[in-house]
Amino acid sequence: MTAPLTPPHQPQPHDPDRPPPVPPRPGPAGDPITAAEVIQGVLVTAVSAVAGALLGVLWLNLAPRVLLVSDGKGVYLRNSEGEYAIGADGTFVVLALAFGAVAGLVVFLLRRRGGVPLVLGLAVGGVLGSLLAWGVGTHFGPTSDVVAHAKAVGPNVPFEAPLELNLGIAALLAWPLGAMVVHLALTAAFGPRDPDPWEHPKAL
């Protein structure tokens, strides 16, 4: 008489009484992107872009102005040692960072689980909002035709220079940067946690 190949205390390979293996539970990072999340991301992009108009109005009213003067032959800075041009860029960057921080906070409070569409919406919406703010400030600010403006006011009469962004792309990225940093920091600190599969193991 020969001994069985499989010890009696171990379940048979096809034992119907053996519980099936528990598959690993995917976390939010592995969940598929739903249509609702895409719509939410589009809404975040649209609202952020529209809010850029408010940023442009604030920049137009709060940014320090550069004064120019003409002697009839050329146009010069009234105060050659002034730092108003840098102040205009700084005002835009500070306002854009504030708008981005508020956007990141609001999105986190409305949907704590986050998601790729929301993050992309914050980034793209921040860039579009900054572009709109730039356009509003330059369009409704002093004219960019400095020569015509100088002729209109006459010689030795100070007039405002066009509102410009000397930092260019760096200033336009302040909004999305502020939004991403605040949203990611809040999600890491107060966002929902994935369940730990080892915290409550099932008894075999």
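Is His183 buried or exposed? His183 is buried, because its relative accessible area is 3% (buried means under 20% relative accessible area, exposed over 50%, partly exposed in between, with a 1.4 Å probe and protein chains only).

## About the model

This is a predicted model, where local features need pLDDT of at least 70, side-chain atom pairs count only at pLDDT 80 or more, and totals for chains, interfaces and linings use all residues. Residues are numbered from 1 along each chain as its sequence is written, and side-chain values use heavy atoms, leaving out hydrogens and water.

The average pLDDT (the predictor's confidence in each residue, from 0 to 100) is 80 for the protein, and 74% of the residues score at least 70. Helices (H or I, at least four residues) and strands (E, at least two) are DSSP runs, numbered from the N terminus.

## Around His183

You will find His183 in helix 6 (residues 174-190). Beyond four places in sequence, its contacts (heavy atoms within 4.5 Å) are Gly104, Val107, Phe108, Gly114, Val119 and Leu122. Val119 and Leu122 are also among the buried residues of helix 3.

## Around Glu37

Now to helix 1 (residues 35-62), which holds Glu37. Glu37 counts as buried because its relative accessibility is 17%. Pro117 is another of the buried residues of helix 3.
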